[in-house]
Amino acid sequence: MDRIWDFSSVFASRELLLVGLGNTVKLGVTCLVIGLTAGLFVGAARYSRNRLVNWPASAFVEVFRNTPALVQIMWFFFAFPIISPFNIDAFTAAALALSLNATAFCAEIYRGGIQSIERGQWDAAKAIGMSYSQQMRRIILPQAITRMVPAFMNRAVELMKMTSLASVIAFGELMHQGKAIATYNFNPIETFTVVALIFFVLIYPLALGVLRFEARLGRSQ
Amino acid sequence: MGEVLRVENLHKSFGPNHVLKGIDLTVEKGQAVVLIGASGSGKSTLLRCVNFMEIPSDGRVWLNGEAVGRERNGKTEYREHSLIPIRTHVGMVFQHFNLFPHMTARQNVMEGPRTVLRLTRATCVKRAEKYLAKVGLSDKFDAYPAHLSGGQQQRVAIARALAMEPQLMLFDEVTSALDPELVGEVLRTLKDLASEGMTMVVVTHELGFAYSVADKVVFLHEGRIHEQGTPDEILVRPSQTRTRDFLRGHATFRLPEAQF
């Protein structure tokens, strides 16, 4: 092993990596915000007793949970523009695919969290005359969300990693920028090492946060 | 004066399981009515049909002389939004307390008046403290349920129901989940309420309590009212064999010597 690691060519391309990091964060945060918001509605729809509401929501969740994210991204980039009147750039396609993917997973987290609240809490809220939405807002969600936070943080970790898949449709996120640098400078070893490190530094605090939060939750119960 | 609750020919089925098979019951203002019977006899279901936590399969319920639900093509319809005012007038306390764990005792009691009755914050705080004091918990306003004993939690739950200032209170086996030494404090609270003239329907296995507090004791058996009357008539001189068998089963039940 007489290889000499030379990071200078990677360092010279730091601007490209910074752009990539920016795009990774932009894609990840967009998808997380959409997933958390839309997931609440899809989750509530799945929880509904009305079949016209819960059936489409369930179908949506199952499709996105049971197909690879890579396939979803490719589909939104190549197939979706053909069957829809929109022209779609790489960011939109990736954001669409990963947001819907995140929505499906978040919907399950919301549903699971809500179902984990004991029947008696609903009973007590109902017995003092609360409407369904009051029961949900005042009693069920505040308790359920505490239990959901670790799962959401895990989702955020997964999502940040999944953004790298958008490199296959040439969206300029970190992985794509890394590929470009490696090809141009013939330094894949150094470049991908740096890319991995940047991802680690970005994601590890989140993972750490999950552990911390779970420990705190464990103590308070 | 007058009747607070009237139930006529009440039926309730859960799928093929016919739990209530035609219940007729009236509760007068200020009365404490105690429902007794073996588990599975339908006591809790009857209680839950009175505030429409369960929707009756058949029969009618009147509260303060007003029929609940609308008659349509021979069927009674219950709309969720029309049941909300009913529930605000009928308080319910549960076997497992069901306090809101993310709220302090005071917040638990304030929640109904604030969110449902939309009273001002100051009024709600005052009300919460008044009813917590009433159940003997003036020193626990800021305690979370997790830091209260079972008996204290149940008294908070009673205060929470009272804070809605209901016309009728329903107690569903409120001492069954408590350690024996905590039963007394909760029963005393109930007894105080009864002596102040609160109208209440109580499901309980505490026959001693039934004897000393009830104006009327109702014995349920297999979804029907088997026998009802004064505590003396039902608990001391039951006319029905089933009632006698049930009472004999409660070996811990001792009547005061003087009664014999």
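Reader: How do you know that A:Cys106 is too far from the closest cysteine sulfur for a bond?

Author: Keep in mind that this is a predicted model. The closest cysteine sulfur to that of A:Cys106 belongs to A:Cys31, and it sits 11 Å away.

Reader: What makes A:Cys106 buried or exposed?

Author: The cut-off for buried is under 20% relative accessible area. A:Cys106 comes in at 1%, so buried it is. B:Cys124, at 0%, is buried too.

Reader: Why is A:Asn23 called buried?

Author: Its relative accessible area is 16%, and buried means under 20%, so A:Asn23 gets the label. You'll find A:Asn23 in helix H2 of chain A, residues 14-47. Beyond its sequence neighbours up to four places away, A:Asn23 touches A:Phe171, A:Gly172 and A:Glu173.

Reader: What makes a set of residues a nonpolar core?

Author: The members are buried nonpolar residues, joined through side-chain atoms within 4.5 Å. The largest such set has 54 residues, with B:Leu5, B:Leu35 and B:Leu168 making the most contacts inside it. Helix H7 of chain A (residues 132-162) gives the most to this core, 7 residues. Apart from it lies another core of 52 residues, including B:Ala32 and B:Val236.

Reader: Which residues is B:Leu168 in contact with?

Author: Leaving aside neighbours within four places in sequence, among them are B:Val4, B:Leu5, B:His89 and B:Met200.

Technical notes: Residues are numbered from 1 along each chain as its sequence is written. Chains are lettered from A and ligands numbered from 1 in the order in which they are written. This is a predicted model: local features need pLDDT of at least 70, side-chain atom pairs count only at pLDDT 80 or more; totals for chains, interfaces and linings use all residues. Side-chain values use heavy atoms; hydrogens and water are left out. Buried means under 20% relative accessible area, exposed over 50%, partly exposed in between (1.4 Å probe, protein chains only). Helices (H or I, at least four residues) and strands (E, at least two) are DSSP runs, numbered from the N terminus. Contact means heavy atoms within 4.5 Å. A disulfide is a pair of cysteine sulfur atoms within 2.5 Å.
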